[in-house]
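I opened this structure to look up a few things and kept notes as I went. The entries follow in the order of looking.

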Amino acid sequence: MQQIDTHLVYSASDLVTAAECEFAAARRVDETLGLIPRADLPEDALMKRAAALGDAFEAMLIAGMVAEYGESASGVVQMPRPQPGRLENLAAAQRATVQAAADGAAVITQAVLFDGRLLGYADFLIRQPDGSYAVADAKLARSAKVR
């Protein structure tokens, strides 16, 4: 969750937190609004290592897709992360994602999904034979989790 201008922008992680524990979700809102100090949690070395391995795995997947489709408007389009702090930056990144799909990109990486309040990033949008896109995630996990 982040506060941009006068708006709270939520992520999929915020929805999971709210579904699992209402208190945790309320605390996160209070922290974001500056009503209470952020929890000072120690860095988790295992989570840091898992994130680094996940980033390397995703980079390997992207390299394979670029090798297969090329990096172009009709091949792999890698969306940059929007500059933080302004709703317009998120909206512009979302419009760029929609444009990449309209241009027929085979793969869109880090697609920005934003409706003005809910923000998400899809690791991959992969064009299907019928022209639609399937969402794919790059996670190092033994099985998918419903959350």
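**Entry 1: the chain as a whole**

I began with contacts, meaning heavy atoms within 4.5 Å. Of the contacts in the chain with a separation of 6 or more, 48% are between residues 24 or more positions apart.

I noted what kind of model this is: it is predicted, local features need pLDDT of at least 70, side-chain atom pairs count only at pLDDT 80 or more, and totals for chains, interfaces and linings use all residues. Residues are numbered from 1 along each chain as its sequence is written, and side-chain values use heavy atoms, with hydrogens and water left out.

I then looked up the elements, which are DSSP runs numbered from the N terminus (helices are H or I with at least four residues, strands are E with at least two). The chain has four helices and six strands. Read from the N terminus, their order is β-β-α-α-α-β-α-β-β-β.

For extent, I found that the C-alpha atoms fill a box of roughly 50 × 35 × 25 Å along the principal axes. The chain exposes about 9,800 Å², and 57% of that comes from carbon and sulfur atoms. These areas come from the Shrake-Rupley method with a 1.4 Å probe, and for residues only the protein chains shown count as cover.

Of the 147 residues of the chain, 28% count as buried.

**Entry 2: helix α4**

I went to helix α4, residues 87–102. Its 16 residues reach 23 Å from first C-alpha to last, close to the 22 Å expected at 1.5 Å a residue. The expected span is 1.5 Å times one less than the number of residues.

Which residues of α4 are buried? I listed Leu87, Leu90, Ala91, Ala93, Thr97 and Ala100. An α-helix has 3.6 residues a turn, so residues three or four places apart point the same way. The cover over the buried residues of α4 includes β1 (2–4), β2 (7–11), β3 (76–78), β4 (107–114), β5 (118–127) and β6 (133–136). After α4 comes Gly104, with a positive phi near 85 degrees.

I picked Thr97 in helix α4. Thr97 has a relative accessible area of 4% and is buried. Setting aside neighbours within four places in sequence, I found Thr97 in contact with Met79, Ile108, Ala111, Val112 and Leu125.

I followed that list to Val112, which lies in strand β4. Val112 counts as buried at 1% relative accessibility. Not counting residues up to four places away in sequence, Val112 touches Pro82, Leu90, Ala93, Gln94, Thr97, Leu119, Gly120 and Tyr121. I checked one of these by C-alpha distance: Leu90 is 22 residues from Val112 in sequence and 7.7 Å from Val112 in space.

**Entry 3: charged side chains**

How many salt bridges does a search of the whole structure find? I counted five, a salt bridge being a side-chain nitrogen of Lys or Arg within 4 Å of a carboxyl oxygen of Asp or Glu.

One of them joins Asp14 and Arg28, at 3.7 Å from N to O. Asp14 is in helix α1 (residues 12–20) and Arg28 in helix α2 (residues 22–32), so this pair ties together parts that are 14 residues apart in sequence. Asp14 counts as buried at 9% relative accessibility, while Arg28 counts as partly exposed at 27%. Beyond neighbours within four places in sequence, Asp14 is in contact with Met1, Val9 and Arg28.

I also looked at Glu31 and Arg38, whose closest N and O atoms are 3.9 Å apart in a salt bridge. Glu31 is buried at 13% relative accessibility, and Arg38 is partly exposed at 49%. Arg27, Glu31 and Arg38 are linked in a network of salt bridges.

Glu43 and Lys48 form another salt bridge, with closest N and O atoms 3.7 Å apart. I noted both Glu43 and Lys48 as exposed.

Notes: Buried means under 20% relative accessible area, exposed over 50%, partly exposed in between (1.4 Å probe, protein chains only).
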